[in-house]
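Visitor: Please guide me through the packing and the aromatic contacts of this structure.

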Amino acid sequence: MNGKRVERAFEASLLILILGALILSPAMASEAVANSPGNVLPIRTLEAPGPVGLTVDEVPRHEFAMREPPEGAPNVVIVLLDDVGFSATSTFGGPVPTPALDRLAKGGLRYNRFHTTAICSSTRAALLTGRNSHAAGVGAVLNSVQPYRGRAGLMTPETATVAEILRQHGYATSAFGKWHLTPDHEASPMGPFDRWPTGMGFETFYGFLGGETHQFEPTLFEGTRPVSRPPGSDYHVTTDLANRAIEWVHLQRSLRPQQPFLLYLAPGATHAPLHAPKAFIDRFSGRFDEGWDVARERAFARQKKLGVIPTDADLTPRPAELRSWDSLSADEQQVSARLMEVYAGFLAHTDEQVGRVFDALREMDVFDDTLILYAVGDNGGSGEGGGDYGTWNEMGRIQGVIQTPAELLERLDEIGGTTSYPHFSAGWGWAMNTPFQWVKQVASHLGGSRNPLVVSWPDGIRRSGGLRTQFSHVNDVVPTILEAVGVATPVEVNGVPQRPMDGTSLVFSFDDAKAAERHTTQYFEILGNRAIYHEGWIASTRNRARVPWAGLISEATATGPEIWELYDLRDDYSQARDRASEEPEKLRHLQNLFWAEAGRHQVLPYSGRPAGEDPVPALGEGRREVVYFRGAVGLHESAVPDLKNRDHRVRAYIVVPDEGAHGVLATQGGVVAGWALYITQDGRPAYAYNLFGKTITTLAGDDPLLPGASRIEIRFDYDEGKGRTESGIGRGADLKLLVDGRTVASGRLDRSVPGFFSIDETFDVGTDTGSPVGDYPPLFEFNGQLDRVVLSASR
């Protein structure tokens, strides 16, 4: 047995030596054999004829594959505005001059039967994937998801974005602005980042993740890292986004001029909060005193004169649920007109900034070879959050904290500025959707879903300045881009089989205004508002249990009585003449088609409930005490323990420097609502609690903190049995501010935030990366040693 082992060892050693001889010199090989432990037999060294092996000059170089775009592929720019209705811009008959959009339309094409999904996130999912929103997993706005595949807010690899497809075909890709496709439980600096822009094909991202942000003090991310906005007293995020987009294109042209690019620009305008530079707001002073009913009639006349709607189109009546302008009091009218002035200034400012991006493309001589698809709104004008006359704070109003007209009049000149978080009235939202019925969210009617589209591509469209009337949908954008670029729709991306595209390319219509439409069937569904379009007809049923300007905190799932309407859009452009009683068989056919499409695209079950139920637990869910350290910034509200409607404590352990301390210790929220524990400029401990701008309660100690170690604490004792509201949430609280266990200030809240502080502002330690909660400057970094911050919540 031992002899066999020796023999096998010898054979292995001999094999190694023979292989080594191929690369060693004869002398080295002979020496190796002689010194081998297995050399028990005489071995004769063979003389090699010369050096063995190949040099780099004798071996062909390996050719590494590079991603190459199709020959002649154009650059691509997608612009998506927010909450801009069909009749807001001058390009489509609206009251707000938009010269940059006018110029683009004059050199391109206008589409007047283009449709969105009727709400933010869903439109963005369809826009970027070419699939129906429910099929992409985003059949609901990301703040109101539910545990069903079609509305869970979880985009999947089976629906790859246009950015990922083009990136794999040699494009440089970037996104600037609003994203609103990252689930709350993933929206933290710890990720996961699969559903952040950089995880979905965009190599560069600069913007905000949520559905809205403060326009003067935004919550910004660069890539996946939270960042502060650039300094400057005249800062506005839309200007910043345009600057960054221009800088990116400049750098891309300098480094890779032969590489085409995809640029996705999605400003927050004109979604609430309505924020604009004062000079832009002042342009519209007194322009809307006539009210929304008259403004709508004027827009309707302009639309016919421009030819963007047919001459036989009807102006649909005001819904019974909306108040007439004349029914408002004088105070209500004054407040409402001012808010519309702010909206107009916001839109005009946005047009100027987007126009600067177009001008930069012209100056770089790449505009003509750039396909631009400009969707003027991700849904119709918004009726959310404003009610009858508008609001100082949109988030407060939808949670039941409402300012009276008298309160708003006291701060009228501040509306639209940095201390406000405003939204205009539902009546103005409706007026921005002329000539259609209803507003954002109401996917059953065109006021919610019909938006303008402008397409420009001087090198690819032979006849410019025309109008296109073919039915089209936001899911047509990706197929249009792929055909224009020359990339086939992929059946597999990154090894994952793909769902088929639901959209249809619009390239067929570029040079033929009379071409037959190809997108012949399309369902719509948002919050129980449903419709089905098929070959010119549309059947619609609205969720009659609620209107979009109702409160958000609701458990209602019903959609009210199901009343279906039927319209022939071939000769009824504005969805004005209900044919349901005349065509019962047609209606029944379309109803059946809706259910078939709903089943095929993950629409079912549908729900009218606006409050969401996250299918994945939030990072902060169930946690009652967490320790945070300096550097914990940009944490989504759901990522930390829930401090609302319960007793809680915030403790900061610090070391005050010899020169005295100042700065934020911990904060959550901002101008919209929130709290902050901080040290004032003169060194005193302080706590501020902002109830949607209606009240801001501040506690502060009388004396500056002494140098050395200290524990700063706020005790929030929530009312358990007194001052109880009917719903049991949003009660008052007793407050105590303590230093090293000693009370230095106390106070009382009559009400507190019932549901959430914001949908975008974050929790920060040692600084304030968003808008300030209290009376301190932006950022306001703590200048001392901050050992830790502890959040403790009951229940």
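Predicted model: local features only at pLDDT ≥ 70, side-chain atom pairs only at ≥ 80, totals over all residues.

Guide: With a relative accessible area of 3%, Phe-221 is buried.

Visitor: Which kind of aromatic pair do Trp-196 and Phe-221 form?

Guide: The search of the whole structure returns 27 aromatic pairs. For Trp-196 and Phe-221, the ring centres are 5.2 Å apart and the planes stand at 90 degrees. Planes over 60 degrees apart count as edge-to-face, so the pair of Trp-196 and Phe-221 is edge-to-face.

Visitor: Is Trp-196 buried or exposed?

Guide: Buried means under 20% relative accessible area. Trp-196 has 0% relative accessibility, so this residue counts as buried.

Visitor: How many residues apart are Trp-196 and Phe-221?

Guide: Trp-196 lies in the loop between strand 3 (172-178) and strand 4 (204-208). Phe-221 belongs to strand 5 (residues 220-222). The pair thus links distant parts of the chain, and the separation is 25 residues.

Visitor: Over which ring does the charged end of Arg-244 sit?

Guide: A charge sits over a ring only if CZ of Arg is within 6 Å of the ring centre. The charged end of Arg-244 is 3.9 Å from the centre of its ring, which is that of Tyr-206.

Notes
Residues numbered from 1 in each chain as written. Heavy atoms only, no water. Phe/Tyr/Trp six-rings, centres within 6.5 Å; stacked < 30°, edge-to-face > 60°. Helix = DSSP H or I, 4+ residues; strand = E, 2+ residues; numbered from the N terminus. Buried < 20%, exposed > 50% of the residue type's maximum accessible area, 1.4 Å probe, protein only. Lys NZ or Arg CZ within 6 Å of the ring centre and 35° of its normal.
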